[in-house]
Amino acid sequence: MICLALLVFCLIERQVRQALGGDQTMRRLYPGNRAVRPTGNMILYHLASLRIQAGTATNPPTILITHAVQAHLLELLGIDETRPCWLDTSNPICEIQV
(Lines give C-alpha, C1' and ligand atoms only; values in the text may rest on other atoms or scores of the structure.)
Protein backbone atom coordinates (compact mmCIF):
# COMPACT_ATOMS: atom_id res chain seq x y z
CA MET A 1 0.00 0.00 0.00
CA ILE A 2 2.79 2.41 0.82
CA CYS A 3 4.41 1.83 -2.57
CA LEU A 4 1.11 2.46 -4.33
CA ALA A 5 0.54 5.67 -2.36
CA LEU A 6 4.05 6.90 -3.19
CA LEU A 7 3.53 6.07 -6.85
CA VAL A 8 0.31 8.12 -6.99
CA PHE A 9 2.02 10.95 -5.09
CA CYS A 10 4.91 11.05 -7.59
CA LEU A 11 2.64 10.77 -10.62
CA ILE A 12 0.57 13.75 -9.47
CA GLU A 13 3.72 15.82 -9.00
CA ARG A 14 5.07 14.72 -12.40
CA GLN A 15 1.81 15.52 -14.21
CA VAL A 16 1.66 19.04 -12.78
CA ARG A 17 5.31 19.76 -13.59
CA GLN A 18 5.00 18.45 -17.14
CA ALA A 19 1.81 20.46 -17.72
CA LEU A 20 3.61 23.61 -16.57
CA GLY A 21 6.28 23.08 -19.24
CA GLY A 22 9.40 25.24 -19.54
CA ASP A 23 10.80 26.16 -16.15
CA GLN A 24 8.15 24.07 -14.30
CA THR A 25 7.40 26.74 -11.73
CA MET A 26 4.13 28.21 -10.55
CA ARG A 27 2.99 30.92 -8.16
CA ARG A 28 0.50 30.94 -5.26
CA LEU A 29 1.73 27.71 -3.68
CA TYR A 30 3.58 29.45 -0.86
CA PRO A 31 3.00 32.77 0.90
CA GLY A 32 4.79 35.61 -0.85
CA ASN A 33 3.68 34.59 -4.33
CA ARG A 34 7.16 33.48 -5.39
CA ALA A 35 7.60 31.13 -8.34
CA VAL A 36 8.60 27.64 -7.18
CA ARG A 37 8.57 24.09 -8.53
CA PRO A 38 5.43 22.39 -7.23
CA THR A 39 5.99 19.44 -4.93
CA GLY A 40 3.56 16.59 -4.37
CA ASN A 41 3.15 17.73 -0.77
CA MET A 42 2.11 21.27 -1.72
CA ILE A 43 -0.18 20.06 -4.50
CA LEU A 44 -2.05 17.73 -2.14
CA TYR A 45 -2.08 20.40 0.58
CA HIS A 46 -3.97 22.78 -1.71
CA LEU A 47 -6.28 20.11 -3.09
CA ALA A 48 -7.12 18.71 0.37
CA SER A 49 -9.76 21.36 1.03
CA LEU A 50 -11.73 20.58 -2.15
CA ARG A 51 -15.32 19.48 -1.62
CA ILE A 52 -17.84 17.88 -3.93
CA GLN A 53 -21.40 19.09 -4.25
CA ALA A 54 -23.83 16.21 -4.55
CA GLY A 55 -25.74 15.99 -7.78
CA THR A 56 -29.48 16.03 -8.26
CA ALA A 57 -31.77 14.70 -10.97
CA THR A 58 -31.13 17.82 -13.06
CA ASN A 59 -27.61 18.87 -11.95
CA PRO A 60 -24.55 16.60 -11.96
CA PRO A 61 -22.14 16.60 -9.02
CA THR A 62 -19.45 19.29 -9.20
CA ILE A 63 -16.19 20.00 -7.42
CA LEU A 64 -16.38 23.13 -5.25
CA ILE A 65 -13.30 25.31 -5.67
CA THR A 66 -12.51 27.92 -3.02
CA HIS A 67 -9.07 29.14 -4.17
CA ALA A 68 -7.64 30.06 -7.58
CA VAL A 69 -4.64 27.80 -7.03
CA GLN A 70 -7.00 24.83 -6.77
CA ALA A 71 -8.56 25.66 -10.14
CA HIS A 72 -5.10 25.97 -11.69
CA LEU A 73 -3.94 22.65 -10.25
CA LEU A 74 -7.07 20.85 -11.45
CA GLU A 75 -6.53 22.33 -14.90
CA LEU A 76 -2.90 21.15 -14.91
CA LEU A 77 -4.03 17.68 -13.85
CA GLY A 78 -6.64 17.61 -16.62
CA ILE A 79 -9.62 17.40 -14.27
CA ASP A 80 -12.86 19.15 -15.22
CA GLU A 81 -14.53 20.31 -12.01
CA THR A 82 -17.95 20.30 -13.68
CA ARG A 83 -17.62 16.65 -14.72
CA PRO A 84 -15.97 14.41 -12.10
CA CYS A 85 -14.04 11.49 -13.57
CA TRP A 86 -16.43 8.70 -12.62
CA LEU A 87 -19.08 10.21 -14.92
CA ASP A 88 -16.82 10.09 -17.98
CA THR A 89 -17.17 6.57 -19.37
CA SER A 90 -15.21 7.47 -22.52
CA ASN A 91 -12.02 8.00 -20.50
CA PRO A 92 -10.23 4.63 -20.09
CA ILE A 93 -8.62 5.84 -16.84
CA CYS A 94 -12.06 6.25 -15.30
CA GLU A 95 -13.45 2.86 -16.31
CA ILE A 96 -14.28 0.50 -13.50
CA GLN A 97 -13.02 -3.01 -14.16
CA VAL A 98 -15.13 -5.72 -12.52
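I took helices (H or I, at least four residues) and strands (E, at least two) as DSSP runs, numbered from the N terminus. On that basis I found three helices and two strands in the protein. Read along the sequence, they follow the pattern α-α-β-β-α.

**Basis of the entries.** I worked from a predicted model, in which local features need pLDDT of at least 70 and side-chain atom pairs count only at pLDDT 80 or more, whereas totals for chains, interfaces and linings use all residues. I number residues from 1 along each chain as its sequence is written, and side-chain values use heavy atoms, with hydrogens and water left out.

**Overall figures.** I called a residue buried under 20% relative accessible area, exposed over 50% and partly exposed in between (1.4 Å probe, protein chains only). Of the 98 residues of the protein, 24% count as buried. I defined contact as heavy atoms within 4.5 Å. Among the contacts with a separation of 6 or more, 38% come from residues 24 or more positions apart.

**Helices α1 and α3.** Two packed helices are described by the angle between their axes and the distance between the axes. I used axes that are lines fitted to C-alpha atoms, for helices over the stretch in contact, with angles from 0 to 180 degrees between N-to-C directions. The axes of α1 (residues 2-20) and α3 (residues 68-77) come within 8 Å and cross at roughly 90°. That makes α1 roughly perpendicular to α3 (angles under 35 degrees count as roughly parallel, over 145 as roughly antiparallel, 65 to 115 as roughly perpendicular and the rest as oblique). I noted that α1 contributes Ile12, Gln15, Val16, Ala19 and Leu20 to the contact, and α3 contributes His72, Leu73, Leu76 and Leu77. By class, this contact has seven nonpolar, two polar and no charged residues. Here Ala, Val, Leu, Ile, Met, Phe, Trp, Tyr, Cys and Pro count as nonpolar, Asp, Glu, Lys and Arg as charged, and the others, Gly among them, as polar.

**The buried face of α3.** I listed Val69, Gln70, Leu73, Leu74, Leu76 and Leu77 as the buried residues of α3. Seen down the helix axis, they fall within an arc of 160°, so they line one face of α3; the arc is that of the directions from the helix axis to the C-beta atoms. What covers these residues includes α1, α2 (40-47) and β2 (62-64). After α3 comes Gly78, with a positive phi near 75°.

I located Arg17 in helix α1 and found it buried, at a relative accessible area of 16%. Leaving aside neighbours within four places in sequence, Arg17 is in contact with Gln24, Arg37, Pro38 and Thr39. Gln24 is in the loop between α1 and α2 and is partly exposed at 23% relative accessibility. Most residues other than glycine have a negative phi. Gln24, not a glycine, has a positive phi of about 60°. Arg28, in the loop between α1 and α2, also has a positive phi, near 75°; Arg28 is partly exposed, at 43%.

**Thr66.** I placed Thr66 in the loop between β2 and α3, exposed at 56%. Thr66 and Leu47 are 19 residues apart in sequence and 10.0 Å apart in space, C-alpha to C-alpha.

**Cysteines.** I counted zero disulfides, taking a disulfide as a pair of cysteine sulfur atoms within 2.5 Å. Cys3 is exposed at 66%, and Cys10 is partly exposed at 46%.
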